[in-house]
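Q: Could you pick one part of this protein and walk me through it slowly? I'd like to see what sits around it.

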Amino acid sequence: MTRPIETRGIYRHFSVNSGAFGSRRQLTAVADLSIYLENGETLGIAGETGCGKSTLARIMMGLIPPSSGEVLFHGTSLNKMTRGEMADFRRSVQMVFQDPFSSLNPRMRISDIIGEPLVVHRLASGNALSERVSDLMNQVGLATDLIHRYPHEFSGGQRQRIGIARALAARPKVLIADEPVSALDLSIQAQIINLLMELKQSYGLALIFIAHDLSVVRHVSDR
């Protein structure tokens with residue numbers, strides 16, 4: 001069986017201002033990185049703040065292109081995919097972002113945020129959509145009577161639970177968690193980590209867990 005995610009020789013450069021006179025220099029955020037994720041495993045990626053972890057996550061998600069190298073999904077390079085293959089990739093690979101507030105649309109109710117992937121990928125509508133959203137809220141530990149509230153009405157830990165529910169809505173095969181607990185209070189971090197581990201097992205996910213805390217990475221990762 002092919003690996004769900006693999007990168008080969010990934011580079012990513014950014015052009016940044018380097019002085020008061022508008023001169024620009026090239027910043028290398030990711031350099032010659034080749035990694036792979038096996039089916040069902042948790043791969044930990046650790047590194048200090050600013051070393052390129054989030055850039056790598058966005059490249060693997062297909063949100064930004066690499067400057068060179070390639071990302072493969074089940075053996076097919078993203079830049080060679082047909083429209084249908086790319087739609088399958090978008091559904092199958094989901095992300096939990098670092099900041100649970102900025103990643104949620106403040107103008108959308110929670111029901112619409114969690115249900116959006118189901119609508120976009122045409123997986124559910126009507127009563128089936130409502131039932132799936134309620135089921136996801138239960139799975140992540142949120143009361144369903146909160147379904148019509150907005151993100152600002154929730155705590156940081158609750159907002160991250162909403163982000164996890166949204167990521168799982170389309171029943172992905174791969175979940176990329178980009179520092180999912182670094183913006184949370186210490187008392188909440190363990191709850192979110194345990195929730196991710198439980199959902200990984202129940203959904204049969206392959207998980208990429210990105211963090212700067214080595215003890216957390218060591219605790220959750222297979223490799």
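A: Let's start with who touches whom: apart from neighbours within four places in sequence, M60 is in contact (heavy atoms within 4.5 Å) with I5, T7, I35, I45, V71, F89, I176 and I208. Keep in mind that this is a predicted model, where local features need pLDDT of at least 70, side-chain atom pairs count only at pLDDT 80 or more, and totals for chains, interfaces and linings use all residues. Residues are numbered from 1 along each chain as its sequence is written, and side-chain values use heavy atoms, with hydrogens and water left out.

M60 itself sits in helix 1, residues 53-61 (helices are DSSP runs of H or I with at least four residues, strands are runs of E with at least two, numbered from the N terminus). M60 counts as buried because its relative accessibility is 0%; buried means under 20% relative accessible area, exposed over 50% and partly exposed in between, using a 1.4 Å probe and protein chains only.

Six of the six residues in strand 9 (206-211) are buried, so the rest of the structure largely encloses it. A206, I208 and I210 point one way, while L207, F209 and A211 point the other. In a regular strand, side chains alternate between the two faces of the sheet.

Strand 9 also has partners (pairing takes at least two DSSP bridges). Strand 4, residues 42-46, pairs with strand 9 in the parallel sense over five bridges, with G44 bridged to F209. Strand 8, residues 174-178, runs parallel to strand 9 too, joined by five bridges, and there D178 stands opposite I210.
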